[in-house]
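Keep the sequence and the coordinates at hand.

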Amino acid sequence: MNYLKKNIENVRILIIEDQLGPMDVYDINFDMAKLEHPELDNLKIDFATNFLDAKEKIQNEQYDLIFLDHRMPYEDLGDLQKIDFSAFCHKLKNIGYGLIDEIKHKQNKVLIIGTSSLCKEEFDNYTIPDKTIDKDDIVNEIVNFLFTN
């Protein structure tokens, strides 16, 4: 039997992810998780697809859990990802983890989970997340954050 660790109506989650593929996997996994945990329907999850959108949400909202990609576009690129994926990829920058210090300053109790596979040399003096995971494991991390056996 699983028990809620937190009042789900009070939990806020931000997922910062720019690519459609991982978000499709997230949608499928979340729908599957709701079969076992119908309470997930009451969860408040925000999404940001670029650096400026993420920065605005972080400044205006309080979150308990943030999933943070490192490589992302600086601003909204519209449908470029669908039209020309190669051009979209050329617009990505290693800037996501640059938000960590700002997040921790404003929301010091938030858990930041990185979703980029970087080696230590690639951190470029960025603060590292509290934890890193594969993007496919986002829903499992949400369930683990909310429920205990």
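Q: Are Asp69 and Lys135 buried or exposed?
A: This is a predicted model. The cut-off for a buried residue is under 20% relative accessible area. Asp69 and Lys135 both fall in that class: buried.

Q: How far apart in sequence are the parts that the pair Asp69 and Lys135 ties together?
A: Asp69 forms a salt bridge with Lys135, with 3.1 Å between the closest N and O atoms. Asp69 lies in the loop between S4 and strand S5 (71-72). Lys135 lies in the loop between strand S8 (131-132) and helix H6 (138-146), so the parts tied together are apart in sequence by 66 residues.

Q: Which residue is the bridge partner of Ile16 in S4?
A: Strand S2 (residues 12-16) and S4 run parallel. Four bridges join them. For Ile16, the partner in S4 is Leu68.

Q: Which residue in S7 is the bridge partner of Ile66?
A: S4 is also joined to strand S7 (residues 111-114), by four bridges. These two strands run parallel. In S7, Ile66 has as its bridge partner Ile112.

Q: Which residues of strand S4 point the other way from Leu65 and Phe67?
A: Strand S4 covers residues 65-68, and its side chains there are all buried. Leu65 and Phe67 point one way. Pointing the other way are Ile66 and Leu68.

Q: How many residues apart are Arg12 and Glu61?
A: Arg12 forms a salt bridge with Glu61, the closest N and O atoms being 3.4 Å apart. The pair links distant parts of the chain. Arg12 is in strand S2, and Glu61 is in the loop between helix H2 (51-60) and S4; their separation is 49 residues.

Q: What is the relative accessibility of Glu61?
A: Salt bridges that share partners join Glu61 with Arg12, Lys44 and Asp46 into one network. Glu61 counts as partly exposed. Its relative accessibility is 29%.

Q: Which helices hold Glu102 and Lys55?
A: Glu102 forms a salt bridge with Lys55, and the closest N and O atoms are 2.6 Å apart. The two residues lie in separate helices, so the pair ties together parts 47 residues apart in sequence. Glu102 lies in helix H5 (residues 100-106), and Lys55 lies in helix H2.

Q: What is the relative accessible area of Lys55?
A: Glu102 is partly exposed, at 24%. Lys55 is partly exposed too. The relative accessible area of Lys55 is 26%.

Q: How many salt bridges does a search of the whole structure find?
A: Side chains of opposite charge can pair when their charged atoms come close. The pair Arg12 and Glu61 is one of the salt bridges here. The search of the whole structure gives a count of eleven.

Notes: Residues numbered from 1 in each chain as written. Predicted model: local features only at pLDDT ≥ 70, side-chain atom pairs only at ≥ 80, totals over all residues. Heavy atoms only, no water. Buried < 20%, exposed > 50% of the residue type's maximum accessible area, 1.4 Å probe, protein only. Pairing = 2+ DSSP bridges. Salt bridge = Lys/Arg side-chain N within 4 Å of Asp/Glu carboxyl O.
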